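Here's a friendly walk through a protein model for someone meeting it now. Have a look at the sequence and the 3D view before reading on.

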Amino acid sequence: MRLDPVTLEIVGNKLGAVTEEMCLTLQRTSRSLYVKETADFCCAIAGLDGGFVAYPRGIGVSGFVGLNVLTAVERAGPLEPGDVIITNDPYTSGGLATHLTDIQLIEPYFHDGRLVGYGWAFIHCSDIGGRVPSSLSPVNDEIFQEGLQIPPVKLVRAGEVNRDVEALLTANSRTPEANLGDIRAMRAALGTGRDRLAGVIGQHGVDSVLDAYQDLVDYTAEKARAALARLDDGTYRFVDYLDDDAVSGIPVRLSITATLSGGDLHLDFTGTDPQVAAAFNIASLGRAHAWITTRVLALICTLDPGIALNAGLIRPIGVTAPEGSLVNAVRPAAVGIRHAAASRVNDALGGVLGLAAPSVLPAAGSGLVVPVVVAEQGPHGQNVQVLEPM
């Protein structure tokens, strides 16, 4: 540990407060109902390795703490102060975006010309084009049907908005004003993060803050291993199914073999069915991705409610996900309804981990997420609102 425990606790709490203020800025200034009322958004601060070092506890989407911005950053090219990257493409962003309606923004944060981290914000937008309003349909069989694909590119370059990128975004959505309003809200949130992080650096020094990044993640990883070590070591297996693939009527198999050893957990999805010709696929890129580890993170946070939220939560987790399977789909697989498969993955994780800790997880669960969408054709175009996920 590079910092003394008291300083680390103080800096860690300040960084967490920064992310919550970013989220409040985004929600208060957003345009769309799904962001403002349902809170399908989040903000975080990432370290130089792209992993999140501070993540909000009480606002926004909790399950994305294990995402990483580095692939998107590297694909966007050299960065300078005032740049902002935009992407929504799961495949070229390294799994940062999980389907096309999740718009991601990343801003590099500099201090005296030195890169000191990244601000991240995302929102679920109401529509990004494609064959149906809201862009989401289970019967889409390739990602090209799901809307505009945005590889990691610079939306803002040295403080100047790239109007060409904005024009493409506007031309490829049924809700362009709401989308641009939410993007501006994300930029405001990133600005809040930049200013507040500068304040923390001013109080504690840039080296102490960078040391805190490493120490916070290391400490969370240590505590996550300690939580998982409370489960019985061994190898466990569980199988569950999606009812069908929306095409053939044949159930889709999800198989998980979990191996626990001294606080380390390996999840092997070998035996899971291949990716399907529908929108249920998960683009995990074979990593310990948010959509195939969320139940594990929830278990860790249940066993240790005071654990800090950062990339250290996923460090004890290894994954084997066969390429081309439902949980590691390859382009051009459709991914818009990935939450349906992810719900079943999380239920299966509950089942397999329940074998190791039946007093904590007595049953596998039977979850589902159903977004409710209303689309209206008016005199000035379509109004598309994602109302509520049930």
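What follows goes through the sheets, the helices and the aromatic rings.

## Ground rules

This is a predicted model, where local features need pLDDT of at least 70 and side-chain atom pairs count only at pLDDT 80 or more, while totals for chains, interfaces and linings use all residues. Residues are numbered from 1 along each chain as its sequence is written, and side-chain values use heavy atoms, with hydrogens and water left out.

Helices (H or I, at least four residues) and strands (E, at least two) are DSSP runs, numbered from the N terminus.

Strands count as paired if DSSP finds at least two bridges between them.

Strand 8 pairs with strand 9 (residues 252–261) in the antiparallel sense over 9 bridges, and G234 has L260 of strand 9 as its bridge partner.

## Helices and their neighbours

Helix 1 (residues 5–29) packs with helix 6 at about 95°, their axes 10 Å apart. That makes the two roughly perpendicular (65 to 115 degrees; under 35 is roughly parallel, over 145 roughly antiparallel and the rest oblique). On the helix 1 side, L8, V11, G12 and L15 meet A212, Y213, D215 and L216 of helix 6; contact means heavy atoms within 4.5 Å.

Which residues of helix 7 are buried? They are V296, L297, L299, I300 and L303, where buried means under 20% relative accessible area (exposed is over 50%, partly exposed in between; 1.4 Å probe, protein chains only). These residues cover an arc of only 160° around the axis, which puts them on the same side of helix 7; the arc is that of the directions from the helix axis to the C-beta atoms. They pack against helix 6 (206–228), strand 10, strand 11 and helix 8 (338–356). The axes of helix 7 and helix 8 come within 8 Å and cross at roughly 50°, and these helices are therefore oblique to each other.

## A cluster of rings

Rings of Phe, Tyr and Trp (its six-membered ring) pair if their centres lie within 6.5 Å; planes under 30 degrees apart are stacked, over 60 edge-to-face and the rest tilted. That rule gives 6 aromatic pairs. F64 and W291 have ring centres 5.9 Å apart and planes at 80°, so this pair is edge-to-face. The pair ties together parts 227 residues apart in sequence, because F64 is in the loop between strand 2 (52–54) and helix 3 (70–76) and W291 in the loop between strand 10 (264–268) and helix 7 (294–303). Both are buried.

W120 and F122 are stacked, 5.7 Å centre to centre with 20° between the planes, and both are buried too. Ring pairs link F52, Y55, F64, W120, F122 and W291 into a cluster.

Technical notes: Axes fitted to C-alpha atoms, helices over the stretch in contact; angles between N-to-C directions.
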